[in-house]
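Trainee: I am new to this structure and would like a close look at a single part of it. Please take the aromatic rings and what surrounds them.

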Amino acid sequence: MSESLRTVNVGLIGLGTVGGGVARLIKSHHDEYLAAYGIDLKLTRACALVWEQAEAAGIEREAFTSDWHDVVTDPAVDIVVELIGGEHPATEIFTTAFEHGKHVVSANKALLGRHVETLAEKARACGVQIKCEASCGGGIPIVSTLEHDLVGNKILTIAGILNGTTNYILSRMDAEGADYADVLADAQAKAMPRPTRPPTSTASMPQARRPSSPPSALAPALPPMMCTSRVSAPSAPRTSPRPASSATPSNCSASPATPTLASTFACIPR
């Protein structure tokens with residue numbers, strides 16, 4: 001074990017619900033990673049707006065900063081994990097991290113859905129990787145499966161409910177014959193739609209961005225347009241979602257052999 005042991009230092013930006021959970025998992029699963037992969041995974045730097053978020057996530061004071069620049073420019077950091085969402089300053093976090101030789105892991109479907117091709121080209125030029133499995137179905141290995149396991153298949157259609165709130169609403173409407181408005185109100189009471197952007201929680205655009213993140217290795221096999229649907233106050237229970245819009249997927253122009261494609265593992269070379 002000692003001969004193959006590698007230390008991988010992680011810099012985490014964003015310590016909200018997701019980021020705080022990642023910080024706790026890195027710490028609590030440290031021994032499992034070490035035993036399985038021979039990797040000493042360390043959370044070296046963590047960035048949040050206030051110290052209290054870091055404290056709640058179990059971050060040591062010396063690892064904390066409120067300035068993301070401290071994370072992406074730290075020579076000790078190997079991987080930057082961006083979990084703040086949105087396009088700015090997330091775009092600047094990506095590009096600055098690349099320029100300093102850092103790999104980037106992100107769950108940011110808003111940014112990747114719009115700009116994954118540009119970011120992939122920038123990462124390739126800097127000799128680093130983007131990993132975005134978490135932006136496409138969370139813990140479900142969608143990107144890795146399509147990129148590797150199903151590479152010999154021609155994918156004609158990707159269909160499914162791509163939003164947890166929508167899944168909850170449709171499941172209850174189907175099982176109970178409940179009214180859309182009643183189930184939506186119940187979901188909102190449970191804070192399932194994000195309170196910062198309730199209009200989009202069951203709308204099409206955030207979900208449309210999710211299929212935009214898989215790598216271009218899939219692009220030749222995917223239809224040129226991806227149709228999305230919206231759950232929006234159907235007139236009666238069990239009504240099929242009505243078409244809302246279509247979104248053209250953004251494709252990473254890298255080939256499967258280049259290191260900028262998304263896959264399951266967090267940039268750790270094997």
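Mentor: Buried means under 20% relative accessible area, exposed means over 50%, and partly exposed is in between, with a 1.4 Å probe and protein chains only. By that definition, Trp51 and Phe64 are both buried. This is a predicted model, in which local features need pLDDT of at least 70 and side-chain atom pairs count only at pLDDT 80 or more, while totals for chains, interfaces and linings use all residues. Residues are numbered from 1 along each chain as its sequence is written, and side-chain values use heavy atoms, with hydrogens and water left out.

Next, the ring pairs. Rings of Phe, Tyr and Trp (its six-membered ring) pair if their centres lie within 6.5 Å; planes under 30 degrees apart count as stacked, over 60 as edge-to-face and the rest as tilted. This rule gives two aromatic pairs. In one, the ring centres of Trp51 and Phe64 are 5.5 Å apart with planes at 70 degrees, so the pair is edge-to-face. Trp51 is in helix H3 (residues 51–56) and Phe64 in strand E3 (residues 64–65), 13 residues apart, so this pair links distant parts of the chain. Helices (H or I, at least four residues) and strands (E, at least two) are DSSP runs, numbered from the N terminus.

In the other pair, the rings of Phe94 and Phe98 have centres 6.0 Å apart and planes at 90 degrees, so it is edge-to-face. Phe94 and Phe98 are four residues apart in helix H5 (residues 90–99), a separation of about one helical turn. Both Phe94 and Phe98 are buried.

Trp51 also has a charge over its face: Arg61 lies there, at 4.3 Å from the ring centre. The rule requires NZ of Lys or CZ of Arg within 6 Å of the ring centre and within 35 degrees of the ring normal.

Phe64 leads on to Arg45, since contact means heavy atoms within 4.5 Å and, leaving aside neighbours within four places in sequence, the contacts of Arg45 include Glu62, Ala63, Phe64 and Thr65. Arg45 lies in strand E2 (residues 39–47) and is buried, with a relative accessible area of 15%. Its side chain reaches the backbone oxygen of Glu62 at 3.4 Å. A polar contact is a pair of N or O atoms within 3.5 Å; within protein, one must be able to donate a hydrogen and the other to accept it, and residues adjacent in sequence count only if both atoms are side-chain atoms.
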